[in-house]
Amino acid sequence: MGKAKKAKKIALQKYAQMKKMINPRDSRIKPELRAPPKKVKKEDPTQLKVTEVPQQSSALFFQYNMQLGPPYHILVDTNFINFSIKNKLDIFENMMECLYAKCIPYITDCVMGELEKLGQKYKVALRIVKDPRFERLHCMHKGTYADDCIVNRVTQHKCYIVATNDKDLKRRIRKIPGVPVMYVAQHRYTIERMPDAYGAPKK
C-alpha cells in the first residue's frame, strides 16, 4: 500500500510540474521565441461567399441534353438483351418505334464478356449481340464489371442513352444529369427523361 501511495505522490508532482510550464505565447518569453497568437478571422458580412460547385456539362440545357439527337446512340446492357428475348422484342425495330428515329445500339467489351461468362443459357443473346448492326466499344480498363464501365462512359460522354433493366444501374444513371434510360416494360420499350419519345411515361 505504501508503494502505491508513493507512486501516486510522484504522479501528482509530475502533473504539478506540467501545470507550471509556461505558455508558449506568454509575454515573459523573448519575442523571437514566442509562438504567434491565434488569430480568429472575423467574417466580413459585405464580402461574397465563394462556394465550389461541380461543373456541369455544356451539353445540358436545364435538365435536357442538347447533344442527343437522331441517330441515337444507345448503350445496351446484358439484362436489357435478356428481357428483350423474354418479351420476344426485336431490338432494332422496337428502339426505332420508341424514339421515332434511327438508333445505333452499342455494346461494350464488358457486356460481351458478361454474356460469354453466362454460358450456354444465353447463347441466343450472344448471337444477337454479334449482329453487324451492333457497334462495338472497346474497354481500356481491367475486369468485366459492365455497370461501372457504362456509368463512366456516360459521365464522360453525354451522347448516349442507356438501355438497361437493372434497378441498381438505373438508380446510378438517374443521378447523372441529362442521360435518358431505356428499359423494357409492358412488352415494349419505355424511355425516361426524353419527353418527345413515344414510349416516355406521361406525367
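This is a predicted model: local features need pLDDT of at least 70, side-chain atom pairs count only at pLDDT 80 or more; totals for chains, interfaces and linings use all residues.

## The chain as a whole

The chain has 203 residues, of which 37% count as buried. Its secondary structure is made up of seven helices and eight strands.

## A look at helix H3

Now find helix H3, which covers residues 91–99. Its buried residues are Ile91, Phe92, Asn94, Met95, Cys98 and Leu99. At the start of H3, Asp90 has a side-chain oxygen that reaches to within 3.4 Å of the backbone nitrogen of Phe92. After H3 comes Tyr100, with a positive phi near 55°.

## Rings that meet

How many aromatic pairs does a search of the whole structure find? The search finds three. One of these joins Phe92 and Phe134, and it is edge-to-face because the ring planes stand at 70°, with the ring centres 5.2 Å apart. Phe92 belongs to helix H3, while Phe134 is in the loop between helix H5 (123–129) and strand E5 (135–137), so this pair ties together parts that are 42 residues apart in sequence. Are these two residues buried or exposed? Both Phe92 and Phe134 are buried.

Tyr106 and Tyr160 form an edge-to-face pair as well, since their planes are at 75°, and their ring centres are 5.7 Å apart. This pair links distant parts of the chain, with Tyr106 in strand E4 (residues 103–108) and Tyr160 in strand E6, 54 residues apart. Both of these tyrosines are buried.

## Charges over rings

Elsewhere, Lys86 lies over the face of Phe83, at 5.5 Å from the ring centre.

## Finding Thr164

Where is Thr164? Look in the loop between strand E6 (160–163) and helix H7 (167–174). Thr164 is buried because its relative accessible area is 0%, and under 20% counts as buried.

The side chain of Thr164 makes a polar contact with the side chain of Asn79, at 3.5 Å. Leaving aside neighbours within four places in sequence, the residues in contact with Thr164 include Asp77, Phe80, Leu169 and Tyr183.

How values were computed. Residues are numbered from 1 along each chain as its sequence is written. Side-chain values use heavy atoms; hydrogens and water are left out. Helices (H or I, at least four residues) and strands (E, at least two) are DSSP runs, numbered from the N terminus. Buried means under 20% relative accessible area, exposed over 50%, partly exposed in between (1.4 Å probe, protein chains only). A polar contact is a pair of N or O atoms within 3.5 Å; within protein, one must be able to donate a hydrogen and the other to accept it, and residues adjacent in sequence count only if both atoms are side-chain atoms. Contact means heavy atoms within 4.5 Å. Rings of Phe, Tyr and Trp (its six-membered ring) pair if their centres lie within 6.5 Å; planes under 30 degrees apart count as stacked, over 60 as edge-to-face and the rest as tilted. A charge sits over a ring if NZ of Lys or CZ of Arg is within 6 Å of the ring centre and within 35 degrees of the ring normal.
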